[in-house]
Amino acid sequence: MGRPVAAVVLAAGSGSRFGGVKLLADLDGRPVLQHVVDAVAAAGIERIVVVLGEAADALEAAVRWPPGAARVRNPRPAEGLASSLRVGVAAVRAGEEPEAILVALGDQPRIVPATVRALTDAPTDRPVILP
């Protein structure tokens, strides 16, 4: 990895449109959230903060967390994605400030490490990079 990057994985949504806790749904023998966490870790990002919501206890138990992956709880997940982003960025900034923060969505299980690496290794002077 070309620069120090932390990741914030947003996983506090209720999955109401899905009919339940979408991030616990089985996909290829693993919870949906597990795929995202594994891809971010496999891309070489060591500082991972996962923002959990009302299903935090169930997700804590179901996911095999990489070493050092921090989990924080959004006390008000019903306020939406932006509230989870604030919680996650604050958790990252509570430690050593990274050069960049990658934001990943917990419900995008088909993300691959190569895409994460392409984003984090891309030279840019822009504050936001989109795939």
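What follows is a short chat about a predicted model and its parts.

User: What kind of model is this, and how are residues numbered?
Analyst: This is a predicted model, where local features need pLDDT of at least 70, side-chain atom pairs count only at pLDDT 80 or more, and totals for chains, interfaces and linings use all residues. Residues are numbered from 1 along each chain as its sequence is written, and side-chain values use heavy atoms, with hydrogens and water left out.

User: How many helices and strands are in the chain?
Analyst: The chain has 4 helices and 6 strands. Both are DSSP runs numbered from the N terminus: helices are H or I with at least four residues, strands are E with at least two.

User: What order do they run in?
Analyst: From the N terminus on, the order is β-β-β-α-β-α-β-α-β-α.

User: Which strands form the open sheet?
Analyst: 4 strands do, in the order S5-S4-S1-S6, and the pairing is parallel. Strand S5 (70-73) and S6 are the edge strands; each has a single partner strand, so one side of each has no neighbour in the sheet. From one strand to the next, the twist averages 25 degrees. Two strands pair if DSSP finds at least two bridges between them.

User: And what holds paired strands together in general?
Analyst: Strands of a sheet pair through backbone hydrogen bonds, either parallel or antiparallel.

User: How many bridges are there between S1 and S4?
Analyst: Strand S1 (residues 5-11) and strand S4 (residues 47-52) pair over 6 bridges, in the parallel sense. Ala 6 has Arg 47 in S4 as its bridge partner.

User: Which strands does H1 lie across?
Analyst: H1 lies across S1, S4 and S6, at about 160 degrees to S4. Helix H3 (residues 81-93) lies across S1, S4, S5 and S6, at about 145 degrees to S4. Axes are lines fitted to C-alpha atoms, for helices over the stretch in contact, and angles run from 0 to 180 degrees between N-to-C directions.

User: Is H1 mostly covered or mostly open?
Analyst: Mostly covered: 8 of its 11 residues are buried. Buried means under 20% relative accessible area, exposed over 50%, and partly exposed in between, using a 1.4 Å probe and protein chains only. Among the buried residues of H1 are Val 32, Leu 33, Gln 34 and His 35. Just after H1, Gly 44 takes a positive phi of about 100 degrees.

User: Where is His 35, and what does His 35 touch?
Analyst: His 35 sits in helix H1 (residues 32-42). His 35 counts as buried because its relative accessible area is 6%. Neighbours within four places in sequence aside, His 35 is in contact with Leu 27, Asp 28, Arg 30 and Pro 109. Contact means heavy atoms within 4.5 Å.

User: Asp 28 is on that list. Buried or exposed?
Analyst: Exposed, because its relative accessible area is 58%. Asp 28 lies in the loop between strand S2 (26-27) and strand S3 (30-31). Asp 28 has a positive phi of about 55 degrees, although it is not a glycine.
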